[in-house]
Amino acid sequence: MRGFIISRMVQLVVTMFIVSVVVFFILRLSGDPILVLAPDFFSEEQIEQMRKFWGFDRPLGEQYITFVRKAITGDFGKSYLAKRPAMELIIERLGYSWLLAAASAAIGLTVAIPLGILSALKRNSLLDLIITAMSSLGTAMPNFWLGLMLIIIFSVHLRLLPAFGALEPKAIILPSVTLGVGMAARLSRMTRSAMLEVLNQDYVRTARSKGLMQKTVIMRHALRNALIPIITVFGLQLGWLLGGSVVVESVFSWPGLGRLMIDSISVRDNTVVQAGLLFYALSFILINYAIDVIYIILDPRIKFQ
Amino acid sequence: MESQSNQLSQAATIAERRAETAVLPARRSAPLRILAILAQSPVGFAGSLIVTAVVVLAFIGPVISPHDPLNRNIRARFKPPGFVDESGALYSLGNDQLGRDILSRIIAGSRVSVLVGVVSVLISGTIGVIYGLISGFVGGIVDTVLMRIVDGLLAIPFIILVIAISGVVGAGLSTLILILGFTGWITYARVIRGEVLKVREMEYVIAAYALGQSRRKVMLIHILPNVVSSAIVLAAVQVGVTILAESSLSFLGLGVKPPTVTWGLMLSDGRQYINSAWWMTAFPGIAITITVLGVVFLGDWLRDFLDPNVRGRA
């Protein structure tokens, strides 16, 4: 276990290093950041001065090293626009994003796992067909469009739920359902095929022939083994969730990290975009490492080298 | 020894049987054969029907379009579906904030979706296959480095990466296609590499080496054709992902710009009038959903069809 944690830490550092290189150079090579910062009326000389002030006059490699050295200590530089540390802006929004992600993941799991099991047990029945069709539909639908349709139905016509912002607790319902549906669609498909795989295994047949109740067979023998592929997909889906939340947060004006990203991208506030991208990558990697640890708990046979 | 000859005769019977079954469809012409195969799978049939319809629409759109998608009509602003103007012309899906016909705009928008879906996936598929092929075939330190780069890129959710790049590079149809093409390859790289690793150890590859073929020849003649089917299946999935990404980006104002008509832009218009004109939002979204659904179905069917190991399994 200790070896596993150490090797994973090394991997994390390497991956984050690559992410930082990619993020830094994509944003820096795409245009002169100073032209975004400087007001139109600035003279050549003033622009030069400003360039020096922000450190953009140094060679790119040196700028990168300075960036990494500061980033390690949590200093991502100041937002060009808000004139406050980018880190501070991100932390302010993070709570909202986590709340939305957790609510969506909870909806996704509670819908997908029972439906996936049901679908596998009643394979090729009408119910299976309906569940599979719904999940295909949920995968094909653009999530922001589903969000807009929910606004039309529940906010505009029924006037039941708020469509924008995060001022009251009810406001989380529509955005989290929007993201949860997409997640459930993808997960239920996986649950179904994982269950089908497991239901054909010898140990399930043995459990059945022992005369165990259907419920015990499913919950104790089948589902527990099917959980491993389901959790893998869940981990990858969280990446989809993080991505989807960017657009959905912007539809619902949810004050999370995603909206901060979109706002910052549209005004080219590169320090915030840079920090945000690194943050997304870090959380995605950490979530997937947590999932690796869950594997060990679920399946003692898995031993990490 | 005996078991070996047994295996051989078994293999021969299987080969014979395959040859027998292969004779039947081979007598028909190619399009008929494809239709016959598709008819066996309702999902594949539905998928190919939808995809064909969208592609045809993209090509002959201007011919069958009931109105000019760009034509503004002050007196037809915000008219609901089924509106008939004074000249008796029908606007079956209603009109937008400038009085433009929604149905005609949806037809016009199919062009961008098809174009973006196909061209970006061609770019990303080519890069991804080459990348995965090199990584898996060369192996060693090259493989490690290439795969670490993929890990790093995969850690940033695709849509966020694309949004960030288009934010800095700027918007526009061709830029968008290039951005989606040059970011989408990441998905292929890992899968193709895995396939190459599997195929590399196959007996026919070892035999090819034993016959003295060069490494490059083995890679191009023996390995590449055997990983192409995985690439095709992935490509089908990616067409859907790309169409969704384009609509998200255009919706956010970071993709295609007006006056080009795209479904994402129509949704972005619809959002502004969400309180009064639901049809502006509903129909373009349905168009996207049906299109992507068709692509997903076709991809599912292709996966089962190209991989005999999965065929028949749920």
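**Where chain A meets chain B**

Reply: Arg189(A) and Asp300(B) form a salt bridge, with their closest N and O atoms 2.5 Å apart; the term stands for a side-chain nitrogen of Lys or Arg within 4 Å of a carboxyl oxygen of Asp or Glu. Across the interface of chain A and chain B, the rule finds one salt bridge. This is a predicted model, where local features need pLDDT of at least 70 and side-chain atom pairs count only at pLDDT 80 or more, while totals for chains, interfaces and linings use all residues. Residues are numbered from 1 along each chain as its sequence is written, chains are lettered from A in the order in which they are written, and side-chain values use heavy atoms, leaving out hydrogens and water.

Now for the interface as a whole. Contact (heavy atoms within 4.5 Å) links 48 residues of chain A with 43 residues of chain B. The buried area, meaning the accessible area (1.4 Å probe) that two parts lose on being put together, summed over both, is about 3700 Å² between these chains, and carbon and sulfur atoms give 77% of it. The rule also finds four residue pairs in polar contact across the interface, both residues at pLDDT 80 or more; such a contact is a pair of N or O atoms within 3.5 Å, where within protein one must be able to donate a hydrogen and the other to accept it, and residues adjacent in sequence count only if both atoms are side-chain atoms.
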